Amino acid sequence: MSSAFALISNPSLNPKKIHCYRSNELKGVKTQEIAEIPSESFVFSPWDSDTTFYLDEFLGELDASSIHEYLNSISELDSLNLFEETQADFEKRVENAKIAFKNASLEKVVVARTKKFSLVNGFDILTLFYRLVEANPNSLVYLLKSSQWGTWLGATPELLLDYDGKDFQTMSLAGTLFSDTEEWSSKEAEEQSVTSSFIEEVIGWDSNRKPHIQELNQGRLRHLMSVYRLPMKMEKMASVLTNLSPTPAVSGYPVKLALDYLQKTEKMERSLYAGFIGSKSGENWKLHVNLRCAQIFMGDAFLYAGCGINSSSNPRREWEETKNKMRVIEECLF
């Protein structure tokens with residue numbers, strides 16, 4: 001039996017409300033059929049998948065003892081032989097991606113890696129979850145434990161869609177700086193522009209309406225962001241979701257070419273990383289791209305991060321970008 005339990009805290013709730021869900025048997029539907037998912041469900045989809053899974057028993061808000069009871073009732077997965085890359089190998093892969101731009105029609109590719117982090121004795125995953133909630137008020141923070149997928153948690157700032165049955169909202173989030181003193185360059189602007197163009201095509205955006213480019217901050221990380229809002233019917237929303245994920249922000253552009261390239265060159269299994277995760281309440285959907293996340297085992301955490309590569313990329317800086325993204329989780333592990 002594929003049982004699961006999940007906690008979720010949506011951004012900008014004051015005070016933060018932790019919603020709890022469970023399922024004695026994890027269910028899934030084709031992503032184009034998400035209208036069939038019951039109200040008050042926790043939903044997620046793995047990387048580059050056409051299936052959306054959901055937990056359909058909404059438990060409201062629980063105290064810590066009840067949460068521990070549910071978490072402990074689901075068996076742990078054995079630690080997997082996840083691929084951890086050296087800095088030299090990662091930087092070589094970035095250089096190879098830049099070469100691929102000259103030999104193919106790729107404009108951008110998002111390479112990702114994992115990092116193994118040994119957990120201290122007495123590690124408590126609920127403590128980590130609440131630290132992430134407190135440290136990331138503008139992010140969706142979640143904890144998922146599933147006998148099928150294992151234990152995952154994350155604090156992701158990237159909205160995939162917010163939908164209330166009538167109006168649709170999404171964001172183009174791409175380009176990363178590490179400090180307040182850095183200035184945006186053409187490299188980051190190009191990353192964000194590619195993602196924006198893709199989103200505008202998928203959602204049917206009026207090309208005469210130019211969205212304002214803003215900054216979104218998560219700790220020391222700064223990203224370029226554009227927000228898109230427009231009316232949309234449910235039938236179209238399901239189709240848009242299918243075509244929107246994965247976006248160029250987590251795959252590359254053109255998306256199909258980037259996915260083919262990653263399948264040939266990326267040794268790690270992304271699993272739930274860079275898929276989507278969120279909730280449905282009534283007619284309201286709030287789904288985020290699953291970034292700044294980790295998979296937790298009995299004694300180790302595997303942190304996930306990626307970075308957008310284009311012809312202007314510096315391999316050493318791209319390595320530093322993934323390190324900074326991993327710190328969102330890592331700094332809460334101590």
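On one side of helix H1, Ser65, Glu69 and Asn72 are exposed. The model described here is predicted.

Helix H1 spans residues 64-72, and its buried residues are Ile67, Tyr70 and Leu71. These three lie on the same side of H1 because they cover an arc of only 100° around the axis. Several elements pack against the buried residues of H1: strand S1 (4-9), strand S2 (19-23), strand S6 (57-60), strand S8 (140-146) and helix H3 (125-135).

The sheet comes next. Its 9 strands form an open sheet with antiparallel pairing, and their order is S3-S5-S4-S15-S16-S10-S11-S13-S12. At the edges are strand S3 (27-30) and strand S12 (213-218), each of which pairs on one side only. From one strand to the next, the twist averages 25°.

Within this sheet, strand S10 (residues 159-163) pairs with strand S16 (residues 284-289) in the antiparallel sense, over 4 bridges. Tyrosine 163 has tryptophan 285 in S16 as its bridge partner. Helix H5 (residues 234-244) packs on the sheet and touches S10, strand S11 (167-177), strand S15 (276-281) and S16. The direction of H5 makes about 175° with that of S10.

Turning to charged side chains, the structure holds 19 salt bridges.

| Glutamate 266 | Arginine 93 | 3.7 Å |

The side chains of glutamate 266 and arginine 93 meet in a salt bridge. This pair links distant parts of the chain, 173 residues apart: glutamate 266 is in the loop between helix H6 (255-265) and S15, while arginine 93 is in helix H2 (residues 87-103). Buried means under 20% relative accessible area. Glutamate 266 therefore counts as buried at 12% relative accessibility, and arginine 93 counts as buried at 10%. Both residues also belong to a network of salt bridges that links Glu85, Arg93, Glu266 and Arg270.

Glutamate 330 is buried, at a relative accessible area of 14%. Lysine 115, by contrast, is partly exposed, with a relative accessible area of 26%.

Glutamate 331 is partly exposed, with a relative accessible area of 46%. Arginine 220 is likewise partly exposed, and its relative accessible area is 46%.

Key: Residues are numbered from 1 along each chain as its sequence is written. This is a predicted model: local features need pLDDT of at least 70, side-chain atom pairs count only at pLDDT 80 or more; totals for chains, interfaces and linings use all residues. Side-chain values use heavy atoms; hydrogens and water are left out. Two strands pair if DSSP finds at least two bridges between them. Helices (H or I, at least four residues) and strands (E, at least two) are DSSP runs, numbered from the N terminus. Axes are lines fitted to C-alpha atoms, for helices over the stretch in contact, and angles run from 0 to 180 degrees between N-to-C directions. Contact means heavy atoms within 4.5 Å. Buried means under 20% relative accessible area, exposed over 50%, partly exposed in between (1.4 Å probe, protein chains only). The arc is that of the directions from the helix axis to the C-beta atoms. A salt bridge is a side-chain nitrogen of Lys or Arg within 4 Å of a carboxyl oxygen of Asp or Glu.
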